[in-house]
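Student: I would like to go through this structure by question and answer. Can we keep it brisk?

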Amino acid sequence: MPGGRRNAATRNGQTKSQSSFSGNTNTTARSNSGERIAGCGIDDKRSEDFCAIKTLVPKHVPIPVVPIDGHLTFEALSLVVSLVAASLQMLNLYRTVWWLPHSYNNYSMNFYLIDPYLIIFIITMMARQFIYSLLRRFIDVSVPVRWLPAAQNIMRIILLIIVMTVLCWCLYHMAERHNSMKIFYLCYPSLSVYFVMFGMSATPFFDVSTAPLCNKDDKKTKYLLDKPLHNCSLNASAIRAEVSTLRSDFNRRLKRALFASSSSAYICGIAPIIFVPQYLHFNVSWVVQHVIMFWIGKINAHFSQAYPVRYCDVLHRAALHLGRWVKIENRNNHIYAQAWNDSVLWPHGSVVRHNKETYRSEGVCTVAEPGNSNHYRFYALFSNPTMLLCSLLGLQFLLVGTQLFILLSTTDWYQVLSITLLLLINYYPLFKITRDYLICWKVYHAEQIIQEKSQLCSNPVIQ
């Protein structure tokens, strides 16, 4: 048809630029990440094909170095925060009116009502992770490399025996003083959730860090400083495999962060309520509010530690290479749809048919499987990592704002002390999340401009 534009699709369902992706070449060039990639030849034709390929490769903006807390430092801070929260809950429950002139109390709390074995139980449960991290650091420094795995296993077994002995000793004496149902309420929720999440493995009981669960050879190639590495590959299968690995690692970090924060809130906030004497009266709404605020603060703290800026950037780079397929609901019979090929990097705006459905690609390039919900969610969540940080920042701002409002409206001395200390604790995660969000927003805003220019330049290639 005169003046019309022909579709550049070939008979086998690939455009010229897409065919060059699946073609076999022996020469190499470097991608934007510095990796050697296939597709650059000696003659002019292969040079043109490589230029067409390069327009479909996402351009990554380097992320600046953002300091994060080391694992030992984070565990030390978590221990201090947990013990402070448990002490404040004890204050909310066992406070006295010692300042009155005719009061029989000489102290601010009724210490004789507090079960000392419960205190030992809480301290043991909260300190086990810090002690494990401290011993592991000592072993890593002092033990030779060839003996390191055996030394870590022996240390873990010995520490597990000691901790379980102390916990059983506490439970035995608590069972003599209290109803057996209270012991059941103390142990059953944590044990059931633990076995559902981690099975019979004893490692998460001590180590809820984000260190990768992989063998030594895999760690050398895919991880650096416990952070996964991104490979700017032009192989569609390799990109999907990398996304699958990153998705599993993200879910593992999420599971450990939720368990660590929820178990801390239960042991430090709910366990003291379980063993309160029946004749003791306390402000129920204030005690429950303390548990909720402490739990939300722990979630934000663990999430900011588990998902630092550079880790989110790795997920973001993988999402750019993955792309996304959007189903075309109102299908037009005149739209030419190619059969989806799992070895092709599809350009932006490509229309394919897969499993009797029609899809259109989004992103600079797309290698995701059409209709795959996991790929769709991965791209939706990490194509713009600021969404995750913005959610955490909004939750932390809401928490701090609520605590400020409560502080201004309360008059009781123990409530002022409790909410003030929680507020001071939550300022540090607020600073970290705000810093990470501002850095990501500036970097990815510049990257979005580069990607839009790249898509404009690639339009003449794919037409």
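Tutor: The turns below cover salt bridges, a sheet, a helix and a surface patch of this predicted model.

Student: How many salt bridges does a search of the whole structure find?
Tutor: Side chains of opposite charge can pair when their charged atoms come close. The cut-off here is a Lys or Arg side-chain nitrogen within 4 Å of an Asp or Glu carboxyl oxygen. Over the whole structure, the search gives seven.

Student: Which residue forms a salt bridge with D115?
Tutor: D115 sits in the loop between helix 3 and helix 4, and its partner is in helix 5 (residues 148-177), so the pair ties together parts 62 residues apart in sequence. The closest N and O atoms are 3.5 Å apart. The partner is R177.

Student: What separates R253 and D249 in helix 9?
Tutor: R253 and D249 form a salt bridge, with the closest N and O atoms 2.7 Å apart. Both are covered: R253 is buried at 1% relative accessibility, and D249 is buried at 3%. They lie four residues apart in helix 9 (residues 236-274), which means a separation of about one helical turn.

Student: Which residues do salt bridges that share partners join into one network?
Tutor: The pair R253 and D249 is a salt bridge. D249 counts as buried at 3% relative accessibility. Through shared partners, the network joins D249, R252 and R253.

Student: What is the N to O distance in the salt bridge of D436 and R435?
Tutor: D436 is buried, with a relative accessible area of 5%. Its side chain meets that of R435 in a salt bridge. The N to O distance is 3.3 Å.

Student: Which strands stand at the edges of the open sheet of four strands?
Tutor: The strand order is 5-9-8-6, with mixed pairing.

Student: Which residue in strand 9 stands opposite K327?
Tutor: Strands of a sheet pair through backbone hydrogen bonds, either parallel or antiparallel. Strand 5 and strand 9 run antiparallel, joined by four bridges. Opposite K327 stands Y359.

Student: Which residue in the turn between strand 8 and strand 9 has a positive phi?
Tutor: Strand 8 (residues 351-354) and strand 9 (residues 357-362) run antiparallel, with four bridges. R353 stands opposite T358 in strand 9. The two strands form a hairpin with two residues between them. The residue with a positive phi, about 55 degrees, is N355.

Student: How far apart are the end C-alpha atoms of helix 11?
Tutor: Helix 11 is mostly covered, with 13 of its 14 residues buried. At 1.5 Å a residue, its 14 residues (309-322) should span 20 Å. The model agrees: the ends are 20 Å apart.

Student: Which residue takes a positive phi just after helix 11?
Tutor: The helix runs over residues 309-322. The phi just after helix 11 is about 75 degrees. The residue is G323.

Student: What area does the nonpolar surface patch have?
Tutor: V97, W98, W99 and L100 make the patch. L100 lies in the loop between helix 3 (71-94) and helix 4 (116-142). At 43% relative accessibility, L100 is partly exposed. The patch area is about 400 Å².

How values were computed
Residues numbered from 1 in each chain as written. Predicted model: local features only at pLDDT ≥ 70, side-chain atom pairs only at ≥ 80, totals over all residues. Heavy atoms only, no water. Patch = residues over 30% accessible without salt bridge, like charges linked within 9 Å, V, L, I, M, F, W, Y side chains within 5 Å. Areas by Shrake-Rupley, 256 points an atom, 1.4 Å probe, with all protein chains shown as cover. Buried < 20%, exposed > 50% of the residue type's maximum accessible area, 1.4 Å probe, protein only. Expected span 1.5 Å × (residues − 1). Pairing = 2+ DSSP bridges.
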